[in-house]
Amino acid sequence: MLAQVQLLFMVVFLEEMALILLFLFRTHLRKLIIMTLDRVKRGSGPLSRPADSVNPTDQILLAHQILEAALMGFSLFLGLMIDRLHHYIRELRLLRKTMEAVKKQDRALDNSKNEASTLRDEISSLRNR
């Protein structure tokens with residue numbers, strides 16, 4: 001039974017660490033994961049699970065419960081890390097889009113200023129003639 005808990009711990013650990021690593025590098029798979037998490041998190045509420053009764057005198061069951069609690073706590077921590085990374089990546093993407101829009105507006109303003117200055121030069125040269 002202990003080997004099963006350790007195996008479960010390793011599987012969850014590797015799975016969540018792989019997700020974290022996929023979040024760190026910009027790939028098409030990251031975009032797919034972000035879209036999937038957006039859809040999964042949409043409309044989800046808080047989880048509630050009934051508490052299991054623990055017999056404190058039985059040391060083997062207590063050790064097993066402690067391992068399961070550690071697994072759940074670590075899984076929760078990694079899940080929160082994945083959630084925050086997902087949130088920050090979405091915010092970063094939105095900020096980049098707004099920065100690109102601002103840069104385009106600045107370019108348009110520069111172009112209009114250049115056109116205005118060339119038109120002023122043409123007007124002054126035509127007045128001189």
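The second largest pocket in this predicted model holds about 230 Å³ of space. Rolling a probe the size of a water molecule over the atoms shows where empty space is left.

Which residues line the second largest pocket? The lining is made up of R26, T27, R30, K31, I34, I89, L92, R93, R96, K97 and E100. By class, seven of the lining residues are charged, three are nonpolar and one is polar. Two helices, α2 (28–41) and α3 (59–128), each supply at least two residues of this lining. The largest share, six residues, comes from α3.

Next, the nonpolar core. The largest one has eight residues: I20, F23, I33, I34, L78, I82, L85 and I89. α1 (2–24), α2 and α3 each supply at least two residues of this core. Here α3 gives the largest share, four residues.

Leaving out residues up to four places away in sequence, L85 touches I20, F23 and L24.

Now the annotation. An unreviewed UniProt entry lists residues 7–25 and 62–82 under "transmembrane region". In the model, residues 7–25 are 95% helix and 0% strand. The end C-alpha atoms of residues 7–25 are 27 Å apart. Residues 62–82 are 100% helix and 0% strand. Their end C-alpha atoms lie 30 Å apart.

Methods. Residues numbered from 1 in each chain as written. Predicted model: local features only at pLDDT ≥ 70, side-chain atom pairs only at ≥ 80, totals over all residues. Heavy atoms only, no water. 1 Å grid on protein atoms, 1.4 Å probe; cavity = no way out; pocket = protein on both sides within 12 Å on 5 of 7 lines; lining within 4 Å. Points joined across faces, edges and corners; volume = space filled by probe spheres on them. Nonpolar A, V, L, I, M, F, W, Y, C, P; charged D, E, K, R; others polar. UniProt positions renumbered as here; feature names shortened; annotations may be inferred. Core = buried A, V, L, I, M, F, W, Y, C linked by side-chain atoms within 4.5 Å. Buried < 20%, exposed > 50% of the residue type's maximum accessible area, 1.4 Å probe, protein only. Contact = heavy atoms within 4.5 Å.
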